[in-house]
Amino acid sequence: MTARNKKNFKLVFAVLLVTVALATFVSPFVSSSPDGLERVAGELGLRKITGEEPAAWYRVFAPGYEVGGIRSKWAARAIAGAIGTIFVFFAGTGIALTLRKLRHTHRDSEDRID
Amino acid sequence: MHIPDGFVNGPVNGIALAVAVGFCGYASRRLKRDMDEKQVPLIGVSAAFIFAAQMLNFPVAAGTSGHFLGAAFLSIILGPWAASLVMALVLLIQALGFADGGITALGSNIFNMGIVSVLVGYFTYKWLVKLLPPKRGSIMVSAAVASWLSVVSGASMVAVELAVSGTSPLVVVLSAMAGIHAVIGVGEALITVAILGTLLASRRDLVPQARRI
């Protein structure tokens, strides 16, 4: 591992740690006021114009960032935040690794043509 | 500004989804070609960071909250292609796993926050940095203006979609959305500047335009 890779690895690890900590320990205590769009929808009295809802067979993992079946609201949010953040990290890294791999495959085939 | 189910109609979301899929496809191709080795770990951790940061609602005007969007910040650090893909990924997981933003509004949400906010943020920053003298303060001012505009433009796009869907008259919903997000955008600008300042102090190699100062 080169020095620069090591430096980047350390940064990624540190940021990931802080991020998971924020999602786990801070997110249960944030403002629960309506956000900008919800506020506007409430003030203007906007109503749903379509009856479309996600299919009934589909069960959302943690609606509103709260894992179901847990009595403590704090814990429900903390668990949702931690799992979500780690999941997004692996999904994002997966996409980046896939794109890098595709590039190398592409380059290899170009080399062969040459 | 995640639109829930039922507020935009099928055609509006369908068109937005088609544009979003096309744009993400193009972004993937561009990123595949131009990606820097050091971006690989950064993309994953940025996505995780944006997801977590979007959970942290801060109070703004009385009885309203806002949260960090991150579109402009991502575009400054990773460029527009990676930024769009990261935003699209976060929005997809938010909709499917957390019911934050409707599944039938996913196209609109990716279009607003993953394309409009990212591109507005990216070009505003790029253009301002070029225009202003090469100083640390210029990077900060450019980032602040870019993040404010990225939030207000995304929110305005929400208003346009709601109006076209027939949910509300354009003038009414546009002024309300732009108005409240002009305030939330100040929070966005402050957070972006704080993170960028930390990066400039500790890892300036991660801020592409830092070479100029």
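The model is predicted. The contact draws 53 residues from chain A and 58 residues from chain B.

**Chain A side of the contact**

- On chain A, α1 (3–26), α2 (36–44) and α3 (73–113) each contribute at least two residues to the side that touches chain B.
- The most is given by α3(A), with 17 residues.
- Sorted by class, this side of chain A comprises 31 nonpolar, 14 polar and eight charged residues.

**Packing of α1(A) with α2(B)**

- Helix α1(A) packs with helix α2 (residues 39–53) of chain B at an angle of about 15 degrees, and their axes are 9 Å apart.
- Because angles under 35 degrees count as roughly parallel, α1(A) and α2(B) are described as roughly parallel to each other.
- The crossing of these two helices, α1(A) and α2(B), is left-handed.
- From α1(A), the contact involves A:Asn8, A:Phe9, A:Val12, A:Val15, A:Leu16, A:Thr19, A:Leu22 and A:Ala23.
- From α2(B), the partners are B:Pro41, B:Val45, B:Ala48, B:Phe49 and B:Ala52.
- The residues of the contact of α1(A) with α2(B) comprise 11 nonpolar, two polar and no charged.

**Helix α5 of chain B**

- Helix α5 of chain B covers residues 106–131, and its 26 residues should span 38 Å at 1.5 Å a residue.

Conventions:
Residues are numbered from 1 along each chain as its sequence is written. Chains are lettered from A and ligands numbered from 1 in the order in which they are written. This is a predicted model: local features need pLDDT of at least 70, side-chain atom pairs count only at pLDDT 80 or more; totals for chains, interfaces and linings use all residues. Two residues are in contact if their C-beta atoms, placed from the backbone, lie within 7 Å. Helices (H or I, at least four residues) and strands (E, at least two) are DSSP runs, numbered from the N terminus. Ala, Val, Leu, Ile, Met, Phe, Trp, Tyr, Cys and Pro count as nonpolar, Asp, Glu, Lys and Arg as charged, and the others, Gly among them, as polar. The expected span of a helix is 1.5 Å times one less than its number of residues. Axes are lines fitted to C-alpha atoms, for helices over the stretch in contact, and angles run from 0 to 180 degrees between N-to-C directions. Angles under 35 degrees count as roughly parallel, over 145 as roughly antiparallel, 65 to 115 as roughly perpendicular and the rest as oblique. A crossing is left-handed if the near helix is turned anticlockwise from the far one by less than a right angle, and right-handed if clockwise.
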